[in-house]
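Here are my notes after a pass through the model. Have the structure open while you read, and click along as you go.

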Amino acid sequence: MDAGFLTAVLQHSTRRALIAFDRDGELMACNDRATELWTPTLRALLQPTLQSSFAQLREHPERSITCAHEDLEFRLLPVVHAGRTEGFILSLLPVQEIEPADDTSERVRWRYALENAEDGLWDWSADDTSAEGGRVYRSPRCLTMFGYPPDYLHDTVHAWSELVHPADLEMQKNAIGQHLAGNRSTYKVEYRIRDFHGQWRWVLDRGKVIEWATDGRPKRVVGTHTDITDYKDLELRLRERELLLDEAQRIGKIGSWVWDAASDIFTWSDELYRICGWPMDQRPPRWAEHAALFTPESYTRLTTMVEAAIKSNGSYQLDLDLVRPNGDRRHVEIAGEVMPRVDGHGLRLIGVVRDVTEERRATETARWRSKLLNRIAAMGRIGGFDLALATREFQWTDENYRIHGIEPGTPVTLDTQFEHYDDESRERLRLALKRMVAGESTDETAEVNFITPDQQRLTLRLTASVEMHEGRPYRITGLTQDITREREAGQRIEQLAHFDTLTGLPNRFLFRQRADEAISVAKRANLSLALLFVDLDRFKDVNDTHGHAAGDQLLQEISGRIKACVRGSDVVGRLGGDEFVVMLCEVRKPEDAALVADKIIAAVNEPVALPDGEVTVGASIGIALLNEGTVDLEALMRASDAAMYAAKQSGRNGYQYYNDAFYERIQRRVQLDKELRLALTRDQLFLVYQPTVALGSGTIQSFEALLRWRRGNGDLCSPVEFIPVAEESGEIVPIGRWVLREACRQAVVWRHTGLPFERIAVNVSAVQLRDPEYATQVLAICQETGWAPEHLVLELTESALMRDNEALRRTFTLLESYGVRLAVDDFGTGFSNLHYLHRFPVQHLKIDRSFVSQMLGDLQVTVLTQAIIHLGHALGLTVVAEGVETDQALQALRAQGCDEVQGYLLTPPLPPPELEAWVRARAGGDGLQGAA
């Protein structure tokens with residue numbers, strides 16, 4: 001503080017003792033009255049109080065401190081500059097010199113003004129330590145504004161709290177508490193008060209501590225009450241209107257916006273945020289940033305229209321393509337208008353955005369459907385008509401004219417059209433029309449014969465509905481469909497419905513009819529009969545190698561041979577594909593059925609001449625006899641089917657009589673099929689791995705992934721049993737993808753851990769190769785798992801390579817281009833057709849384990865094994881021997897020049913952890929000998 005300025009101020013005459021202190025509480029100056037009152041004794045007595053007061057005012061420069069000390073009034077005020085306490089002024093006055101209130105003074109005028117104002121005044125002596133929490137003076141308006149008499153309440157804090165809404169009381173107490181604690185500069189809160197009539201009204205309660213005690217406690221708090229009930233009601237109505245407007249905008253998909261051009265600030269409604277896909281917690285984009293919201297063409301048009309509107313002080317409207325941040329496109333209608341600001345500074349634009357995407361799509365769909373219906377009507381020869389009952393005149397579509405062979409636009413009446421129907425059709429139409437007019441029916445459908453003007457006979461299907469007006473029928477609308485060709489085709493279909501079109505044999509439907517009749521006759525006459533289920537062997541190979549036309553020719557030939565093997569009284573039918581059934585209607589003894597089966601097998605085994613050479617197929621036959629266990633056709637069919645399956649399992653090209661063991665085997669296969677469909681999702685499948693080792697160096701060349709299945713009951717199911725089931729059901733496709741992905745994933749793990757090996761090998765089913773996208777899927781899995789395709793081997797059976805077609809060649813070409821290797825598994829057990837070995841990019845031949853196991857004891861097998869190795873080397877292939885289980889076999893293969901070996905002599909298939917341990921242990925051994 002400036003000392004000179006203080007000295008000048010303190011020279012003014014006053015009854016109060018004024019003493020100035022600096023920020024640290026050091027005395028700076030005082031007036032004459034202070035010389036009299038500010039005695040050393042008083043200074044010593046007030047020193048502790050002053051020090052605590054100085055500290056309080058340094059922290060809270062907005063306060064003043066007042067208290068009474070013996071017979072003196074003590075008041076300490078801070079001197080504040082730039083929000084900081086720079087010093088203090090202490091005012092002292094003897095209590096006896098304080099003048100009493102003068103009702104004629106200016107205080108009266110202030111009280112009058114306050115007590116007659118709209119707001120109520122309250123003055124709380126907060127330093128009162130009574131149980132009621134201090135005395136409160138309330139102006140009459142505090143109570144009269146709520147309908148209470150002026151003296152309704154006691155002058156306590158608690159008395160007012162009893163009027164506060166219970167739900168608001170804690171909030172009101174917290175607000176005043178925060179202010180009294182010095183956390184807030186003022187006290188301000190809105191809450192509800194119960195008025196004299198028991199209704200709840202809103203009050204705005206504001207106040208401030210104007211005097212503080214030396215210990216930091218508030219002494220006096222002054223404030224006002226304002227009735228804001230009407231404001232709250234208005235606020236509620238405005239909020240409801242805003243919510244209704246938002247909901248209306250949401251329903252109508254219309255968003256609103258305002259743009260202040262001067263500040264480049266946009267205000268968007270919630271719906272506009274939703275339309276634009278813009279995050280609600282972000283500000284709307286600036287004008288220049290709108291380019292990201294539209295396609296370039298739309299943004300250019302919008303910019304042009306907005307600039308023109310600003311220049312002309314007008315409006316604009318246009319359709320645009322909006323692009324959301326996620327790339328989704330929306331079609332919107334935008335309208336805007338220029339609005340000059342009221343203050344004359346700059347201008348604003350307001351407008352709306354309407355999302356018409358679904359509407360446009362619906363319009364386009366409706367237009368497309370209309371065109372489609374017209375095309376369908378023309379293609380299906382369906383016409384529409386509208387008959388006015390009062391005038392008996394027709395309105396026809398163009399297609400209806402074309403159906404009836406009449407020039408479009410020609411006037412048509414009900415009477416003129418009746419002449420073109422035959423008598424029966426005309427009567428049918430009259431009766432239908434009579435029923436609709438009489439109200440007996442609302443819809444009618446009739447098939448009638450119509451004679452066109454050029455004498456063509458048509459079969460038409462008429463569908464009509466009656467429309468009512470004021471309770472009476474007044475029009476009939478409907479459709480006309482030309483079903484002439486449909487009727488002719490139906491007649492032809494009816495003729496062919498009972499016979500197989502390829503073989504001329506009774507089809508499934510007719511066979512069942514005749515077989516049921518034969519069973520009924522046999523039961524009445526107490527005769528026996530037999531059902532033979534015939535399935536051709538190797539028919540699929542004929543289709544694959546010679547084509548379906550040759551397959552059809554083969555079926556025609558075989559069906560004739562089967563029919564020639566039975567009597568005229570027996571029933572032969574074709575179920576479909578290569579399956580035939582024979583009902584032997586009179587069987588004296590069970591052996592008779594076997595004789596017929598032998599005849600059929602012998603006949604089928606005869607070569608069949610096809611355009612590109614002779615082929616030979618076989619037949620597997622299941623025989624079921626009519627007895628107590630098979631009492632009807634369904635039971636005979638199931639039994640013979642099970643027996644046929646057993647015949648195939650027994651080596652094909654033979655027959656089997658049905659017994660319960662066959663049925664149990666079929667049931668197990670069905671159960672396996674059912675469980676296998678869920679094996680992947682239940683994590684029941686897992687892989688084991690068996691290494692392939694080079695004979696020359698002893699290094700590990702590959703790990704072959706082998707599939708295993710642990711069923712839900714804990715039993716391991718043999719791959720020999722479940723793989724054929726998976727192939728027949730098609731489950732081998734998703735299982736194969738899982739095997740490839742899991743094997744590649746495991747290979748990557750091994751590569752990262754430093755396990756020494758070159759390739760991972762995975763078996764592939766012929767069923768998987770039927771998918772033309774198989775190669776793409778393989779490469780995608782390699783990329784997904786991070787396994788290099790050139791380190792992948794796909795092992796195929798010879799039968800998988802027999803389907804030599806363009807799709808298979810494209811598959812192998814794509815795989816070869818990425819370095820994927822092909823291996824022929826179990827070589828020598830299939831067709832051993834050398835054609836595919838140079839036709840397809842095969843790199844490995846795997847000699848089947850059956851040769852390896854017999855080569856030491858059978859000279860011919862040894863010679864054959866040597867021939868396979870020489871053949872593979874001649875074709876530039878690596879030859880791998882499977883099933884090496886003895887050291888003698890290993891040495892023999894080494895002597896024959898075999899390249900690689902695999903088998904139990906090295907190690908059985910192992911799970912990944914055990915295989916890793918085997919490899920680590922082998923690293924300390926001596927090549928193949930160490931492994932063995």
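1. Let's start with Lys232, which sits over the face of the Trp202 ring, 4.6 Å from the ring centre. Keep in mind that this is a predicted model.

2. There is a second case of a charge over a ring. Arg751 lies over the face of Phe757, and here the distance to the ring centre is 4.7 Å.

3. On to rings meeting rings. The count of aromatic pairs comes to 24. Take Phe21 and Phe54: their ring centres are 5.3 Å apart and the planes make an angle of 55 degrees, so this pair is classed as tilted. The two come from distant parts of the chain, with Phe21 in strand β1 (residues 17-22) and Phe54 in helix α3 (residues 40-59), 33 residues apart. Both Phe21 and Phe54 are buried.

4. Another pair to look at is Trp287 with Tyr299. Trp287 is in the loop between α9 (270-276) and α10 (296-312), while Tyr299 belongs to helix α10, 12 residues apart. Trp287 and Tyr299 are both buried. They are also members of one aromatic cluster, together with Trp257, Trp259 and Phe266.

5. Is Leu121 buried or exposed? Its relative accessibility is 15%, so Leu121 counts as buried. You'll find Leu121 in strand β6 (residues 120-125). The C-alpha atom of Leu121 is 5.8 Å from that of Arg138, although the two are 17 residues apart along the chain.

6. Now for a sheet. Five strands form an open sheet in the order β17-β16-β20-β19-β18, with antiparallel pairing. At the edges are β17 (393-396) and β18 (443-451), each of which pairs on one side only. On average, neighbouring strands in this sheet are turned by 25 degrees against each other, ignoring direction.

7. Within that sheet, have a look at β16 (residues 382-388) and β20 (residues 472-482). These strands run antiparallel and are joined by 7 bridges. As a reminder, the strands of a sheet pair through backbone hydrogen bonds.

8. Last point: which strands does helix α14 lie across? Helix α14 (residues 423-437) lies across β16, β18, β19 (457-469) and β20. Relative to β18, helix α14 runs at about 155 degrees.

Technical notes: Residues numbered from 1 in each chain as written. Predicted model: local features only at pLDDT ≥ 70, side-chain atom pairs only at ≥ 80, totals over all residues. Heavy atoms only, no water. Phe/Tyr/Trp six-rings, centres within 6.5 Å; stacked < 30°, edge-to-face > 60°. Helix = DSSP H or I, 4+ residues; strand = E, 2+ residues; numbered from the N terminus. Buried < 20%, exposed > 50% of the residue type's maximum accessible area, 1.4 Å probe, protein only. Lys NZ or Arg CZ within 6 Å of the ring centre and 35° of its normal. Pairing = 2+ DSSP bridges. Axes fitted to C-alpha atoms, helices over the stretch in contact; angles between N-to-C directions. Contact = heavy atoms within 4.5 Å.
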